Amino acid sequence: MLVLGIESSCDETGAAVVDDAGVVRSDVVHSQVEVHAPYGGIVPELASRDHLRNVGPVVREALSRAGVGLSDVAGIAVTHRPGLVGALLVGVQAAKGLAWAAGKPLIGVDHLMGHLLSVYLRRGEGDVPPPELPFVCLLVSGGHTAIYRVDAPRPDAIHELGATRDDAAGEAFDKVAKLLGLGYPGGPVVDRLAARGDAAHVALSAPMAARTARDMSFSGIKTQVAQLVAREGQGKGEPWTADVCAAFQAAVTTVLARKVIEAADREGVRDVVLGGGVAANRELRRRVTELGEARGHRVLVPPLASCTDNAAMIAYAGAVRLAQGEHDGWDLVATSRTALERLTRKGRGRR
Ligand code: KG4
Ligand code: ZN
């Protein structure tokens, strides 16, 4: 069974064809980085317009690379939450049009569910063994940072074990890079510079690092960097910038690694999975793997193409829903909130 997936929740327009075993037949991603780079962050209106320009060509390309037509897919899956509503709407409307025209079921997918299941994708390169259920997943991206226990691939069998109370970790990487004049997106640049710096040269404290705190916080460390830059000035040259990147990255990745492994210990779960764009961070991969293995866990880090935003994970999560006998009606709406959230990023308890 093949499913066409469409993703447009943020700054990537994606379309992919995946089968119900997770085998990726095609995965097309059009990045908007160049559209937003001059502004140092994502401009929602520009994101919507760019999705609108690209969703058609990206879908055609995904079908053509997979060598299939719309009549060959069993359903059309689309990210309908959470994300920028104007951006989500473009994908949702495109999916509705295609599903209606082709007479196929429309399957709404929670973007976070896509990230949580992306470890099951089979790309033929860099694949990791599928985790055993239950597993614990650290989902760490530009928009979300949370730890989940996954007992089954259904929203009612997924529990949030801790989340950031303010900024997402990726957002902190991006803001710190901006403060240091390193451009957008910041994560990859900070990662690269940190490798040349010495964390011991800069004193930054890791917020909410206490063992008892299950939640996380990344806005405080960003403020520490802002104060440092205000004191020292941006133009101190590369050795200093590299040291700040190293200290920031060490503080953030230490907390993330410790929290996810402690959560897995507490839950008595063996397999630990990383997901989201920040899972590309080499220091984070190293720390989680080192700490996890020392405590008897198996740490699974999917290939980068599965960690960053993509439509293959949406198609697969859609295939899982379809196999469970679920799909949606034409009243499917785009909404900024996830169905999986216990604590929201800014304010608790809202849905
Ligand atoms: O999952 P993703 O592609 O999009 C969202 O759903 O947010 O994640 C993008 C985020 C950005 O904040 C980016 O700076 C961060 O992932 N990122 C990294 C690295 N590569 C991307 N953060 C730290 N180190 C990296 N190597
Ligand atoms: Zn994402």
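User: Which element gives the largest share of the lining of the second largest pocket?
Analyst: This is a predicted model, in which local features need pLDDT of at least 70 and side-chain atom pairs count only at 80 or more, while totals for chains, interfaces and linings use all residues. Residues are numbered from 1 along each chain, chains are lettered from A and ligands numbered from 1 as written, and side-chain values use heavy atoms, without hydrogens and water. Strand S4 (75-81), strand S5 (106-110) and helix H11 (312-323) each supply at least two lining residues (strands are DSSP runs E of at least two residues and helices H or I of at least four, numbered from the N terminus). The largest share, three residues, comes from S5.

User: How much space lies in the second largest pocket?
Analyst: A pocket is an open set of points on a 1 Å grid over the protein atoms alone, where a 1.4 Å probe fits, with protein on both sides within 12 Å along at least five of seven lines, and lining residues have an atom within 4 Å of a point. The residues that line the second largest pocket include His80, Arg81, Asp110 and Leu340. Its volume, the space filled by probe spheres set on points joined across faces, edges and corners, is about 180 Å³.

User: Which helix gives the most to the lining of the largest pocket?
Analyst: The largest pocket has a volume of about 1400 Å³, and of the 44 residues that line it, the closest to its centre are Cys10, Ser141, Gly142, Gly143 and Asp174. Two or more lining residues come from each of H4, H5 and H6. With six residues, the element that gives the most is H5.

User: How far is an oxygen atom of ligand 1 from a polar backbone atom of Gly277?
Analyst: A backbone N or O atom of Gly143 lies 3.3 Å from an oxygen atom of ligand 1, and for a backbone N or O atom of Gly187 the distance is 3.0 Å. For a polar backbone atom of Gly277, the distance to an oxygen atom of ligand 1 is 2.9 Å.

Terms used
A polar contact is a pair of N or O atoms within 3.5 Å; within protein, one must be able to donate a hydrogen and the other to accept it, and residues adjacent in sequence count only if both atoms are side-chain atoms.
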